[in-house]
Amino acid sequence: MITLGHYLVVSGMLFSLGLAGVIARRNIIIVYMCLEMMLSAANLALVGFSRFHLVNGLPDYTAQSLVFFTITVAAAEVAVGLAIIVALFRSKQSVDVESVTKLQG
Amino acid sequence: MPPLLFYLFALITLGFGFLVVTGRNPVTCALALAASFVGLAALFLSLDAYFIGVIQILVYAGAVMVLFLFIIMLLDIKTEEGKKINVPAIVSGVLLAVLLTLQIIAVVGSTELANKTSQNTPLALAEAAGKIGKAALPTITNDLKTGTLPDAKLIGFTLFDQYGFHLQVIGLLLLVGTIGVVVLSKRERSAP
């Protein structure tokens with residue numbers, strides 16, 4: 001039987017995969033994709049809690065509203081982030097994270 | 001949802017997620033991410049969150065992935081080959097991921113909350129129609145009485161009833177984001 005725990009473990013594993021990608025990968029675009037994966041993993045946990053916390057016999061729609069806001073923020077973040085990547089590529093001719101070291105002490 | 005389907009979609013989500021993290025070609029990674037999001041949308045559907053599942057496919061697997069692919073092809077990013085591998089980063093990344101997963105499994109295993117299933121917490125649609133009563137719109141109550149879950153209507157009702165201000169703040173955020181993108185991608189003119 002599929003319990004809330006199953007969904008939470010899948011969510012945690014997806015988040016961990018994204019975290020590993022953010023730390024290990026050097027291509028900025030792929031780092032961005034991994035960030036999106038982490039946001040989605042958080043959404044899965046929220047929707048899971050929403051389904052199993054019944055209010056008046058219905059799922060808790062407060063959590064699903066929060067997921068709606070998260071998806072909106074993620075979309076805005078991707079738009080701005082990719083614009084930054086394009087600007088970065090224009091000045092450095094590279095999307096490697098290690099090509100951007102100007103702020104390093 | 002039958003357990004088999006849950007495991008299938010969880011496998012799709014995590015398998016393609018793994019491909020995103022390990023893939024060498026950015027286009028492969030983007031397509032794997034789209035597939036992973038489709039699996040995730042199926043998991044949302046299995047949690048009776050139909051609206052969120054559809055939004056997940058439309059926004060993530062649709063709009064966001066097209067944006068990623070567009071940028072990858074616009075910048076003409078090649079597969080990273082022959083570059084030396086950053087061993088400390090990979091080791092620390094894998095180590096952190098494994099530790100986090102183990103922690104989450106431990107926490108989930110130690111709480112009673114995690115044992116809830118859709119069998120022991122079933123949706124009570126007919127009761128909900130009575131309990132919500134006059135507070136909701138008649139269309140929601142009618143849907144509940146006929147035994148269907150008016151998912152999108154309930155989310156819309158929650159958003160506009162309780163989170164109207166937050167919705168406007170999000171709208172403002174999107175406006176600021178749009179302006180930011182225009183400013184960022186404007187080519188700088190040389191000083192006159």
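**How chain B meets chain A**

Arg51(A) and Asp48(B) form a salt bridge, with 2.8 Å between the closest N and O atoms. The model is predicted.

Trainee: Why is the pair Arg51(A) and Asp48(B) called a salt bridge?

Mentor: A salt bridge needs a side-chain nitrogen of Lys or Arg within 4 Å of a carboxyl oxygen of Asp or Glu. The pair is an Arg and an Asp with the closest N and O atoms 2.8 Å apart, so the term applies.

Trainee: How many salt bridges are counted between chain B and chain A?

Mentor: The count is one salt bridge. Between the two chains there are also eleven residue pairs in polar contact, both residues at pLDDT 80 or more.

Trainee: Which helix of chain B gives the most to the side that touches chain A?

Mentor: Helix 3 of chain B does, with twelve residues. That side of chain B divides into 58 nonpolar, 21 polar and ten charged residues.

Trainee: What makes residues of the two chains count as in contact, and how many do?

Mentor: Their heavy atoms must lie within 4.5 Å. By that cut-off, 89 residues of chain B are in contact with 72 residues of chain A.

Trainee: How much area do chain B and chain A bury between them?

Mentor: About 7200 Å², with 77% of it on carbon and sulfur atoms.

Trainee: What confidence does the predictor give?

Mentor: For the complex, an ipTM of 0.91 and a pTM of 0.90. Chain B averages a pLDDT of 87.

Definitions and conventions
Residues are numbered from 1 along each chain as its sequence is written. Chains are lettered from A and ligands numbered from 1 in the order in which they are written. This is a predicted model: local features need pLDDT of at least 70, side-chain atom pairs count only at pLDDT 80 or more; totals for chains, interfaces and linings use all residues. Side-chain values use heavy atoms; hydrogens and water are left out. Buried area is the accessible area (1.4 Å probe) that two parts lose on being put together, summed over both. A polar contact is a pair of N or O atoms within 3.5 Å; within protein, one must be able to donate a hydrogen and the other to accept it, and residues adjacent in sequence count only if both atoms are side-chain atoms. Helices (H or I, at least four residues) and strands (E, at least two) are DSSP runs, numbered from the N terminus. Ala, Val, Leu, Ile, Met, Phe, Trp, Tyr, Cys and Pro count as nonpolar, Asp, Glu, Lys and Arg as charged, and the others, Gly among them, as polar. pLDDT is the predictor's confidence in each residue, from 0 to 100.
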